[in-house]
Amino acid sequence: MDTNLPQTTQPRIVIIGCGFAGLRLAKDLEDLPVQVVVIDRNNYHNFQPLLYQVATGALEADSIAYPIRKIFAGQTNFFFRMADVERVDTARNALETNIGEIHYDHLVLATGSLTNFFGLDSIEQNAMQIKSVPNALNLRSYLFQNFEKAILTEDPAQRQALMNVVVVGGGPTGVEICGSLAEMRKDVLPKDYPELDLKKMEIYLIEAGAEVLGPMSKESQVQAKHYLEEMGIHLRLNTHAQRYENGRIYYSDTEFIRTQNLIWAAGVNGAALDGLPENVVARNKRVGVDTQNRVLGLRNVYAIGDVANMETTEMPRGYPMLAPVAIQQAEQLAANLERLLRGEELQPFKYTNKGSMAIVGRNRAVVDLPGDLHFGGFMGWLTWLFVHLMTLVGFRNKIITFISWGISYFSSDKALRLIIRPFKRHDFDEVSGVRAAEHKAATASYTPPVPSPEAPVVGG
C-alpha cells in the first residue's frame, strides 16, 4: 500500500500538479474505470492569472485559491496526496516523495513552470516574483512595508528608492501589475500616505524586446503601450536587466534605476522532475513529448501544460506556455487514456487558438481573437473580466471576486492594504538591497552575462 492509497485492480493514473492541466485531466477521468491520484505540494488550486491582484491588494488570496479536495468532492475514483515529488523512477514505475513511495501505471507530469532568472544571481536572490500565492502575499507586504519606511526616512534618495517600483518583463504579467500599481499611485496611496509626495513615485517597465506583449498582435502591442504611457509608466524597451545591487537595478554597465522594489516577471522554465532521461529535458527544463503528449522514449509517462515541449512543424519551438494550451492538452490526454483502455490508437493533439488578452487598467485592455480580430478599451476590459471570472474555480470565488471588482470600480479603492505577515529576507541588508553576507563577493566577481544566440532574452 502506497502512502495509504487503496489497493486496486484498476489502472492507477498519477497526476503531479493541480494547475490548469492537472485539474482538467483529473476531472475528465471521473467516469473512467481508473484510480486517479493527484499529488501537489499545496492543498489548493491556484488561479495564477489573478495573482497580481492579490499582490496589489485588489483581491484576497482565498478569492483565487480553492481547496483541491472540495473541487473533487463526490468523485469516487479520486485521491489526493499533499506531497513534494523528489524523483521519478521510470524503471520501477514509482515516485519518490517526501511522504513515501507512490507507484503508478500511468504517470502524468502537470508540474507547470518556475521563474527563470536567466542566470542573473543578484536578481534571483533579491527580486520579488509572482508565481504562487505566498509570492503574491510577500510582495503585497513588502510594497507596503517600504512605504511605511519611506515615511520614516529623512534621506530623499532613500525615500525615492523605497517608493520606486521596477518591473522586468513586458508580457501580460508585467503589463498587468504595472497598470495596477499605476492605479494605486493615482487613487489609493495618496489617501493612505498623505505625508509622501506620491507624484514622485516612479514605475518602470523593463523589456528586452522591441514591444510589450510580444506574442500578441501588433495592434494590441501598440494599444497597450499607449495605455501604459498614458498611465505614467516609464517604458525601457530593447533593454536588458543585468544586475541588482546597492538598491540599484542596472540595465547597462553604468546605467541604473534606484529602487527597493524590483519585481521579476521576465520568463519561466518548465518544472521538470529528477529521474527523467537527460535527453528529453531541454535547456528551459521543459520535457520533450510526442504529439500524443507522451514523454519521448517512455511508454507510460506523459507531460501536459507548461512543462510539456511538443515540437511540431507548425510549432518548431513548442506550444506557448498558456492556460488554454494546458487545458486542451489535458482534454486530449483524457480522451487518449480512454482510447488506451479500449485498445484503440491514440490521436495527436491539435491546438485551437481561441485568442489572447491582457488588461492594463480600469477600462483599458487588449483582446486578440481568431480571424485577425482585435479590440480594446472598455469592451476589451469587460471581455477580460468576464473570461477570467468564468474561469475561476468555485461559485464562492466567482461571487467574491465579482463583488470585489465592483467595489473597486465604483470606489476606485483597493481595500486589502494589509501587512498581516511582514516579509523579511534572512540576512537581508535593507539599505543596500542585497544579502549583506554576499554583497562583497557578488560585486567583486560579477561579470555581465553575454547571451548566446539560442538563449532566451530577458523580458517578455
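These questions and answers take a predicted model and set its values against the definitions behind the words.

The model is predicted, so local features need pLDDT of at least 70, side-chain atom pairs count only at pLDDT 80 or more, and totals for chains, interfaces and linings use all residues. Residues are numbered from 1 along each chain as its sequence is written, and side-chain values use heavy atoms, with hydrogens and water left out.

Q: Why are helices H5 and H6 called roughly antiparallel?
A: The axes of H5 (residues 133–152) and H6 (residues 156–163) cross at roughly 165 degrees and come within 8 Å. Angles over 145 degrees count as roughly antiparallel, under 35 as roughly parallel, 65 to 115 as roughly perpendicular, and the rest as oblique. So H5 is roughly antiparallel to H6. Axes here are lines fitted to C-alpha atoms, for helices over the stretch in contact, and angles run from 0 to 180 degrees between N-to-C directions. Helices (H or I, at least four residues) and strands (E, at least two) are DSSP runs, numbered from the N terminus.

Q: Which residues make the contact of H5 with H6?
A: H5 brings Asn146, Phe147, Lys149 and Ala150, while H6 brings Arg159, Leu162 and Met163. Contact means heavy atoms within 4.5 Å.

Q: What classes do the residues of this contact fall into?
A: Four are nonpolar, one is polar and two are charged. Ala, Val, Leu, Ile, Met, Phe, Trp, Tyr, Cys and Pro count as nonpolar; Asp, Glu, Lys and Arg as charged; the others, Gly among them, as polar.

Q: Why are H11 and H12 also described by an antiparallel label?
A: The axes of H11 (residues 377–391) and H12 (residues 395–411) cross at roughly 155 degrees and come within 9 Å. Therefore H11 and H12 are roughly antiparallel to each other.

Q: Which residues of H11 meet which residues of H12?
A: Phe378, Trp381, Trp384, Leu385, His388, Leu389 and Met390 of H11 meet Lys398, Thr401, Phe402, Trp405 and Tyr409 of H12. By class, nine are nonpolar, two polar and one charged.

Q: What makes E6 and E8 edge strands?
A: The open sheet has three strands in the order E6-E7-E8, with antiparallel pairing. E6 (85–89) and E8 (100–103) each pair on one side only. The twist averages 25 degrees from one strand to the next.

Q: How do you know that E6 and E7 pair?
A: Two strands pair if DSSP finds at least two bridges between them. E6 and E7 (residues 94–97) have four bridges, in the antiparallel sense. Arg87 stands opposite Glu96 in E7.
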